[in-house]
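Subject: Handing over the structure

Dear colleague,

I am passing this structure on to you, with the sequence and the coordinates placed just below. Once you have had a look, please read the notes that follow, which go through what was found.

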Amino acid sequence: AASALRRGDVAAAAAAVPAIATGAAVADDMTQLMGVGGEDTTRIMPTATATTATATEAPAKRKRSPWTWPLIALIVLLLLVLGGTLWALFANQGGGPAPTTSSATPTPTSTTPTPTPTEDRVNVGDLGLIGMTCDQARTVLQENDLVASCVEGNAAESADQEGQIYSVDPTGRVPAGTEITATYYGPPVSIGAPQSAPNVTVAGNPASQVEQGSTVQLNWASFTCPSGTGVLSAYTVTIKGAEFAAGGAERSFEPSVRQADIVVNGAVGSTVSATYTATCGGNESGSSPPMDVAIVAAADSGEGDG
């Protein structure tokens with residue numbers, strides 16, 4: 001209001017302080033009275049002057065703005081935030097450990113691991129242990145910084161297999177000092193021998209004697225190979241006092257064949273003798289008991305006349 005009065009803007013001053021309007025009205029009245037007579041003027045002027053003075057002093061008593069305390073609170077809050085920020089900055093510049101900003105970059109998973117030096121590993125498959133004896137394998141393994149352990153395994157199917165290594169564990173590339181188990185063939189299982197002797201039949205009937213020069217059928221029993229000796233692979237038949245119709249005095253036959261024709265060629269009064277063996281997995285059994293059948297003269301030979 002005081003600023004408006006200095007500018008001469010009474011309306012603005014009255015808008016701010018309504019008492020100013022009252023004072024202005026009094027001033028107008030006082031002016032009018034001054035035109036009427038000097039006595040009245042002299043009598044009224046002190047009142048107008050007092051009113052004007054009151055209007056002039058009224059703007060000095062300004063009301064406090066409602067934003068004063070919120071502004072003060074805002075300024076205090078800003079000062080506190082600024083102080084906290086400055087304290088944090090100066091504290092971080094001290095000797096404390098630097099804050100962790102990010103985790104360390106991990107080692108890529110695709111990195112190839114450091115291989116074990118080749119001089120510390122041995123390829124067992126390259127040593128050729130299969131077929132060696134235990135002593136031979138032990139020497140080779142020791143030369144390659146490995147430890148040998150020999151174990152007897154299956155029975156050999158033939159005498160020449162006995163003692164030979166047929167299995168090795170572990171195989172592949174192994175570290176130096178690894179124990180290698182070498183399994184070798186044990187002694188062959190005894191095959192034994194057929195228990196029955198061969199026999200001859202004439203016209204399908206068993207015969208205890210045969211005529212000289214006749215053709216008869218020789219028969220032998222089947223044989224079962226003991227477990228661990230392999231499978232039956234052949235029969236071998238040997239005869240005396242006769243020969244096979246296909247030729248020869250000794251022949252081998254398939255396991256399914258257990259008979260053959262023979263021609264009696266021994267002297268009258270002698271015998272036809274026959275034995276046979278069985279072959280199991282490459283090993284031959286003992287010989288069967290012998291067959292002995294007497295040789296007689298043929299019925300139409302004429303021997304015995306005169």
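This is a predicted model: local features need pLDDT of at least 70, side-chain atom pairs count only at pLDDT 80 or more; totals for chains, interfaces and linings use all residues.

Residues are numbered from 1 along each chain as its sequence is written, and side-chain values use heavy atoms, with hydrogens and water left out.

Helices and strands here are DSSP runs numbered from the N terminus (helices are H or I with at least four residues, strands are E with at least two), and two strands pair if DSSP finds at least two bridges between them. β6 and β9 are part of an open sheet of five strands, in the order β7-β6-β9-β13-β11, with antiparallel pairing. At its edges stand β7 and β11 (242-244), each with a single partner strand, so one side of each is left without a neighbour in the sheet.

Another open sheet has three strands in the order β2-β5-β3, and its pairing is mixed. Its edge strands are β2 and β3 (165-169), each of which pairs on one side only, and the twist from one strand to the next averages 25 degrees; for such angles, axes are lines fitted to C-alpha atoms, for helices over the stretch in contact, and angles run from 0 to 180 degrees between N-to-C directions. β2 and strand β5 (residues 179-186) run parallel and are joined by seven bridges; in this part of the sheet, Ala148 has Ile180 of β5 as its bridge partner, and Val151 stands opposite Thr183 in β5. β3 and β5, by contrast, run antiparallel and are joined by four bridges, with Ala182 in β5 as the bridge partner of Val168.

**Disulfides**

Cys134 lies in helix α6 (residues 134-143) and Cys150 in strand β2 (residues 147-155), so the pair ties together parts that are 16 residues apart in sequence. Cys134 counts as buried at 15% relative accessibility, whereas Cys150, at 22%, counts as partly exposed; buried means under 20% relative accessible area, exposed over 50%, and partly exposed in between (1.4 Å probe, protein chains only).

The other disulfide is formed by Cys225 and Cys280, whose sulfur atoms are 1.9 Å apart. The torsion about its S-S bond is about -85 degrees, so the disulfide of Cys225 and Cys280 is left-handed. This pair links distant parts of the chain, 55 residues apart, since Cys225 is in the loop between β9 (215-219) and β10 (232-240) and Cys280 is in strand β14 (residues 271-280). Both Cys225 and Cys280 are buried.

**Backbone details in the loops**

Most residues other than glycine have a negative phi, and most peptide bonds are trans. Asp145, in the loop between α6 and β2, has a positive phi near 60 degrees, and with a relative accessible area of 51% this residue is exposed. Ala203, in the loop between β6 (199-202) and β7 (205-206), also has a positive phi, of about 55 degrees, and counts as exposed at 78% relative accessibility. The peptide bond from Asp169 to Pro170 is cis, with omega near 0 degrees, and Pro170 is found in the loop between β3 and β4 (173-175).

**One exposed leucine**

Finally, Leu80 has its place in helix α5 (residues 68-92) and counts as exposed at 59% relative accessibility.

Methods. A disulfide is a pair of cysteine sulfur atoms within 2.5 Å.
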